[in-house]
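Thank you for making time for this.

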Amino acid sequence: MRNLILVFCCLISLVGSEVFPCTIVSGKAEDGAVWAGNNEDYYFDFNTHLNVLPPEGELLGAVSFTYGSPGSFVEGGVNERGLFFDFNWIPTIAPSDFADWGERREFPGGEDKLVVHILRTCSSVYDAIAVIKKYEMDLADAQIHLADRHGNLAIINASGIRVSDTNHQVSTNFNVLTRGPSSGGRTCWRYPIAEATLAKQEVGLRSIRDALDATQQPRFYGTIYSNVINLTTGDVYNYYAGDFEHVFHFKIADLLKEGKKSYLFRSLFPGAPIVRIWETYEAKGADDAVALFRELRDTLPRERRAETLRHMFSSCLLRLNRFRDAKVFFDEWLIVS
């Protein structure tokens with residue numbers, strides 16, 4: 001009964017927590033290279049995908065990221081021309097505060113297809129802005145963070161469009177267009193950390209990785225995966241489950257040559273303890289997965305131990321509705337915590 005009460009308390013805290021937290025950063029380095037990065041934060045999901053969309057006729061090659069299945073809504077992506085985008089959740093903007101972009105129409109196939117269309121046809125931030133002005137995109141409770149290899153940076157939501165006039169931009173879970181960057185610390189704890197990191201360090205792989213590491217989710221939500229992308233060279237650095245010690249690095253041009261393909265994110269990190277534990281769970285069940293966790297526990301950084309079990313628990317409870325298995329991981333979580 002004690003465990004059930006604790007599970008209930010966890011769920012109550014979840015309801016009161018911020019929805020769809022994500023940290024997104026982009027900027028231009030002194031050497032002219034343009035970088036972007038993001039933490040994808042949500043209930044932990046072992047079935048996120050990296051999708052390769054090779055060039056087809058006039059369609060640009062691109063890499064997209066999805067939950068659940070390769071054909072799900074595109075949460076973010078980057079194309080071969082160096083256009084990057086990702087979404088943040090923000091508090092709902094009242095219709096009275098919507099910007100007047102004139103009459104827009106629905107894109108054939110809806111918003112899911114529109115997002116893919118932007119990736120496949122737009123070469124710059126300004127191309128993407130033109131498309132978003134033309135077609136309906138629900139940005140009442142979300143904002144889209146854009147960057148391109150030319151150094152153009154922008155944030156768009158229902159209240160307007162802001163093209164940055166600085167060398168970097170940060171977006172988290174408040175409306176930067178109406179609240180202003182100065183309110184970030186009062187609105188979201190992650191914003192001032194990421195902003196300070198990019199302001200103090202040279203924009204690049206290290207500073208963006210440090211900003212994402214410092215703002216990953218430590219509570220019920222988890223940082224599922226993180227991307228750091230050099231939009232100038234096409235180098236992509238992927239990280240999984242908040243582990244910034246292990247990286248999967250590829251060049252967009254090289255991946256596009258392999259043709260249309262989708263990769264489970266976890267398959268890119270076969271040696272990661274959390275991946276080994278999850279795959280043991282899928283093959284043999286919760287008890288064997290906990291046994292493997294105990295074998296690996298002392299090799300894990302202290303902060304990763306409880307986090308690993310938290311992700312296993314939340315995936316079983318919220319994704320799979322396997323309550324007995326969730327309890328097995330939760331009981332071990334209590335011991336480790």
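When I speak of a contact, I mean heavy atoms within 4.5 Å of each other. Please also keep in mind throughout that what you see is a predicted model.

Which residues does Phe-329 touch, leaving aside its neighbours within four places in sequence? Phe-329 is in contact with Tyr-281, Ala-286, Ala-289, Val-290, Leu-309, Met-312, Phe-313 and Cys-316.

Val-131 brings us to helix H3, residues 125-134, where the buried residues are Val-125, Ala-128, Ile-129, Val-131 and Ile-132. These residues cover an arc of only 165° around the axis, which puts them on the same side of H3. As a general point, an α-helix has 3.6 residues a turn, so residues three or four places apart point the same way. What covers the buried residues of H3? The cover includes helix H2 (111-121) together with the strands E6 (83-89), E7 (142-148), E8 (153-157) and E9 (160-163).

Let me turn now to the sheet. Six strands form an open sheet, in the order E10-E1-E2-E11-E12-E13, and the pairing is antiparallel. Strand E10 (168-171) and strand E13 (243-251) stand at the edges, each with a single partner strand, so one side of each is left without a neighbour in the sheet. From one strand to the next, the twist averages 15°. Within this sheet, strand E1 (residues 22-28) and strand E2 (residues 34-42) pair in the antiparallel sense over 7 bridges, and Ile-24 stands opposite Asn-38 in E2. Helix H7, residues 205-214, packs on the sheet and touches E1, E2, E11 (222-230), E12 (235-240) and E13, while its direction makes about 15° with that of E2.

That leaves the charged pairs, and the structure holds 14 salt bridges. In one of them, Arg-120 pairs with Glu-56, the closest N and O atoms being 2.8 Å apart. This pair links distant parts of the chain, since Arg-120 lies in helix H2 and Glu-56 in the loop between strand E3 (49-53) and strand E4 (62-66), 64 residues apart. Are these two partners buried or exposed? Arg-120, at 7% relative accessibility, counts as buried, whereas Glu-56 is partly exposed, with a relative accessible area of 43%.

Being 4 residues apart in H7, Arg-206 and Asp-210 are separated by about one helical turn. Arg-206 counts as exposed at 59% relative accessibility, and Asp-210 is partly exposed at 26%.

In helix H12 (residues 323-336), Lys-327 and Asp-331 likewise lie 4 residues apart, about one turn of the helix, and their side chains meet in a salt bridge at 2.9 Å, N to O. Finally, Arg-266, Glu-279 and Glu-282 are linked in a network of salt bridges.

Conventions
Residues are numbered from 1 along each chain as its sequence is written. This is a predicted model: local features need pLDDT of at least 70, side-chain atom pairs count only at pLDDT 80 or more; totals for chains, interfaces and linings use all residues. Side-chain values use heavy atoms; hydrogens and water are left out. Buried means under 20% relative accessible area, exposed over 50%, partly exposed in between (1.4 Å probe, protein chains only). Helices (H or I, at least four residues) and strands (E, at least two) are DSSP runs, numbered from the N terminus. The arc is that of the directions from the helix axis to the C-beta atoms. Two strands pair if DSSP finds at least two bridges between them. Axes are lines fitted to C-alpha atoms, for helices over the stretch in contact, and angles run from 0 to 180 degrees between N-to-C directions. A salt bridge is a side-chain nitrogen of Lys or Arg within 4 Å of a carboxyl oxygen of Asp or Glu.
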